[in-house]
Amino acid sequence: MAFWLARAGHRVTVAERFPALRATGAQVDLRGQGIEAIKAMGLMDEVRAHLVHEPGVAFVDSAGRRLGTIMANTTGRGKQTLTSEFEIMRGDLVRILHGATKENVDYRFGVSVDGFDQTGGDVTAHFSDGSSETFDLLVGADGQGSRIRRSIRPEGEDPYWRTGLHMAHWFVPRVASDGDVRETYPAAGGRQIMRRSHNPSETQAYFVLRDSSEEASAIHRAPTEDQQCFWGDRFRDVGWQAQRFIDGMATAPFFYSQEVLQVRIDTWSKGRVVLLGDAAHCASPYSGMGISGGLVGAYVLAGEITATPDDVDGALGRYDTALRPFVDEIQAAVKPRLLALGLPKPRIGVAVLQVAFRVACALRIPERIAARASTDRGGAWALPDYDDLPARATG
């Protein structure tokens, strides 16, 4: 958002509560319209230079034996498979975006917006350092737990659409057996482990749990030590490399635990305050479109504002109207019943799933479907053209 508005001549301030650039986090991917958004920014060459080599996704049993592998679609046609042709570490993408904006955007690290007041055609932001400043627009891009969203939505409203799944991920030291192909291991009790390795020294560990209890939903707000105990207790008996990953929790450079959910609200703005990305329409990791959705939303919001800078209210309305079909498409692709089939609780369910993996991979069904698809996960929705935004790059 800052990239597009600054290039169009607007004065942009970014408030980041961390004291420095937070260039950390796990692997993310670009798909469909998200790839087009990066191309429009002229950043595709930089993104390509930082891609993670993940040629496919393998399914393994408790002994680590491969049941089959689904390869990435690198033909440039159809849609991406379980892994994208454009896999990148979140930290690298953050550095690329910051590098493209740091010269003409006012970044303020170590501060957050604690509150705001709206009067007429502007909004005054009150920062955590005690200062205040008046702007034409306040954009809440503060994630699925957005404080800005809580400030503009009705009290008591629950914006979350739950899938019944939970996820944690962290880094552990890489070992010789960790290949570039991502490995996925399903286990009884609605549990799953994923391993993916992004550089010669580090491996990413993911635990996924199917659990609709209040305890599981509450654990993500607990201290990190309690979160790690929760995940360790529930996965200690799973087998495969579970114990290795549990042992690596304590010394991991970061540990992230989240409920897999979506944010669904009927409007993304109120007055001169607007929501962007996960704060507005989190689609969940299982959509595969979280990063892409954020990039697309930023492009549309900046395009609408730049089209009518003297009519911000109208621009915010058009942002909602233009982007909503795309968001509906990527959110609808997440189906809890289908996810439940992929995380069976009985052992017989795991056995059936393993057979399905073997057959689908042997016949290369996922790759054939992806190659023949006419659209990716965002459907046929296309990025709008905005004459007032800087001309699209072709790289």
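The model is predicted, with local features requiring pLDDT of at least 70 and side-chain atom pairs counted only at pLDDT 80 or more, whereas totals for chains, interfaces and linings use all residues. Residues are numbered from 1 along each chain as its sequence is written, and side-chain values use heavy atoms, with hydrogens and water left out.

At least two residues of the nonpolar patch come from each of helices H13 (347-362) and H14 (365-372) (helices are DSSP runs of H or I of at least four residues, numbered from the N terminus). Val-359 lies in H13 and is partly exposed, at a relative accessible area of 43% (buried, under 20%; exposed, over 50%; partly exposed, in between; 1.4 Å probe, protein chains only). In the segment after H14 lies Ala-382, which is exposed because its relative accessibility is 54%. The C-alpha atoms of Ala-382 and Leu-323 are 10.0 Å apart, with a sequence separation of 59 residues.

The second largest pocket has a volume of about 350 Å³. Its lining comprises 22 residues, of which Gly-32, Ile-35, Glu-36, Gly-78 and Asp-376 are the closest to the centre. Pockets are open sets of points on a 1 Å grid over the protein atoms alone, with protein on both sides within 12 Å along at least five of seven lines; in a cavity, a 1.4 Å probe fits but cannot get out, and lining residues have an atom within 4 Å of a point. Helix H2 (residues 32-41) supplies the largest share of this pocket lining, 5 residues.

One cavity of 30 Å³ or more is present, and the largest cavity has a volume of about 40 Å³. Residues lining the largest cavity include Asp-278, His-281, Met-289 and Ile-330. Helices H9 (278-281) and H10 (290-307) each contribute at least two lining residues, with H10 giving the most, 3 residues.

Conventions: Points joined across faces, edges and corners; volume = space filled by probe spheres on them.
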